Amino acid sequence: MKQRTLGGKLKVSEMGLGCMGMSEFYGKGDDAESIRVIHAALDAGVNFLDTADMYGPFTNEMLVGKAIKDRRDKVVLATKFGNVRGPNGERLGVNGKPDYVRKSCDASLKRLGVDHIDLYYQHRVDTTVPIEETIGAMAELVAAGKVRFLGMSEASPATIRRAHKVHPVTALQTEYSLWSRDPEGEILDTVRELGIGFVPYSPLGRGFLTGAFQKPEDIPEDDFRRHHPRFQGENFYKNLEVVKKVKELAAEKHATPGQIALAWVLAQGDDIVPIPGTKHEKYLRENIAAAEIVLTKDDLVRLDEAAPKGATTGERYADMSTVNK
């Protein structure tokens, strides 16, 4: 696995592993299998692992910590704070207060069983707290040796600029894929101007771009995608038209649609490091193989025409109030 550099300093594998679905959102997980997936990823050179305190809630960090206990030196570990949840999973809003930042970091370190976090993200921006105060508290964690680099997630260009003046931001994590091209333009222009790396989550369109679903009923009842705007009703079938075109190119390349979707993200720039998630080794290996697919200029034009910015039907979330703030 080749490497890329985020923010000019943090070297990571050109593709990471999103661990969220191992604990929540995409149906029931199997901890033993998830640990095998993490170990297989590390053995294959995928060293960039992504988790957050809210996943589970809290249990995903513990799972990742257990998986890397005897191989911490092989891992570039990223986690997040800011989306507050209670022990029973209840959502309690967004918190960017300095005291909460410090408490969250200490709690994550304990659950992960590590003495430092490589990349610590503000998961969502708390608009009730000046970003300078939140980033200032995060900078204190760097000074204390608890965190190496700082990141933000779903932040607006104006917020990113303000934060970056307080302390260098190494990476911005935002949804980006063939069916979520919102960052193109001002957001990507801003991070590139400032030398900030870009980490796309859901680069497979939450699995939609793999072609795994042919109708909304294919989604398990305990899977949150059942309630996702893009997976419902007419939106589902309109968005399926994009998948059909991706499948056509995949067949020509002797690849899967998911591999083409990932290869497209990787082709958008060396400063971009996608973090596709999976809890199955089969799909992990399929994702890793996408890094070897070379898309020609003609291929990229075809994909741009198949899925231009704004072509997807439905919002990225049922509630968009906390993104791009």
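Reader: Where is the place of proline 57?

Author: Helices (H or I, at least four residues) and strands (E, at least two) are DSSP runs, numbered from the N terminus. Proline 57 sits in the loop between strand E4 (48-50) and H2. A cis peptide bond joins glycine 56 and proline 57, with omega about -5 degrees.

Reader: What kind of model is this?

Author: This is a predicted model, where local features need pLDDT of at least 70, side-chain atom pairs count only at pLDDT 80 or more, and totals for chains, interfaces and linings use all residues. Residues are numbered from 1 along each chain as its sequence is written, and side-chain values use heavy atoms, with hydrogens and water left out.

Reader: Which residues other than glycine have a positive phi?

Author: Phenylalanine 58 is one, with phi near 75 degrees. Phenylalanine 58 is in the loop between E4 and H2. Histidine 254 is another, with phi of about 55 degrees. Histidine 254 is found in the loop between helix H7 (233-253) and helix H8 (257-266).

Reader: Is histidine 254 buried or exposed?

Author: Go by relative accessible area: buried means under 20%, exposed over 50%, partly exposed in between (1.4 Å probe, protein chains only). Histidine 254 has 77% relative accessibility, so it counts as exposed. Phenylalanine 58, at 25%, is partly exposed. Lysine 165 in helix H5 counts as exposed at 76%. Lysine 165 and glutamate 132 are 33 residues apart in sequence, and their C-alpha atoms are 8.5 Å apart.

Reader: How do I read the overall fold?

Author: Start with the secondary structure: ten helices and eleven strands. Then take the radius of gyration, computed over C-alpha atoms; the globule rule is 2.2 Å times the number of residues to the power 0.38. For 325 residues, a compact globule would have a value near 20 Å; the protein has 19 Å, which agrees. The C-alpha trace spans about 50 × 40 × 35 Å along its principal axes. Buried residues make up 57% of the 325 residues.

Reader: How much of the contact set comes from residues 24 or more positions apart?

Author: Contact means heavy atoms within 4.5 Å. Among contacts with a separation of 6 or more, residues 24 or more positions apart account for 75%.

Reader: Which residues have the most contacts inside the largest nonpolar core?

Author: In soluble globular proteins, nonpolar side chains tend to be buried together. A nonpolar core is a set of buried Ala, Val, Leu, Ile, Met, Phe, Trp, Tyr and Cys residues joined through side-chain atoms within 4.5 Å. Here the largest has 77 residues, and Leu17, Ile38, Met152 and Leu172 have the most contacts inside it. A second, separate core of 16 residues includes Phe48, Val76, Ala78 and Val273.

Reader: What does leucine 172 touch?

Author: Leave out residues up to four places away in sequence. The partners of leucine 172 then include Met152, Ile160, Ile187, Val191 and Phe198.

Reader: How many salt bridges are there?

Author: A salt bridge is a side-chain nitrogen of Lys or Arg within 4 Å of a carboxyl oxygen of Asp or Glu. By this rule there are 26. Glutamate 61 counts as buried, at 0% relative accessibility.

Reader: Which salt bridges does arginine 316 form?

Author: One is with glutamate 154, at 2.7 Å, N to O. Another is with glutamate 175, the closest N and O atoms being 3.2 Å apart. Arginine 316 lies in the segment after H10 and glutamate 175 in strand E10 (residues 171-175), so this pair ties together parts 141 residues apart in sequence. Glutamate 175 is buried, at 1% relative accessibility. Salt bridges that share partners join Glu154, Glu175, Asp182, Arg206 and Arg316 into one network. Arginine 316 counts as buried at 4%, and glutamate 154 is buried at 2%.

Reader: What polar contact does the side chain of arginine 181 make?

Author: A polar contact is a pair of N or O atoms within 3.5 Å; within protein, one must be able to donate a hydrogen and the other to accept it, and residues adjacent in sequence count only if both atoms are side-chain atoms. The side chain of arginine 181 makes one with the side chain of aspartate 304, at 3.2 Å. The backbone oxygen of alanine 307 also lies 2.8 Å from a polar atom of the arginine 181 side chain. Arginine 181 lies in the loop between E10 and helix H6 (186-194), and counts as buried at 9% relative accessibility.
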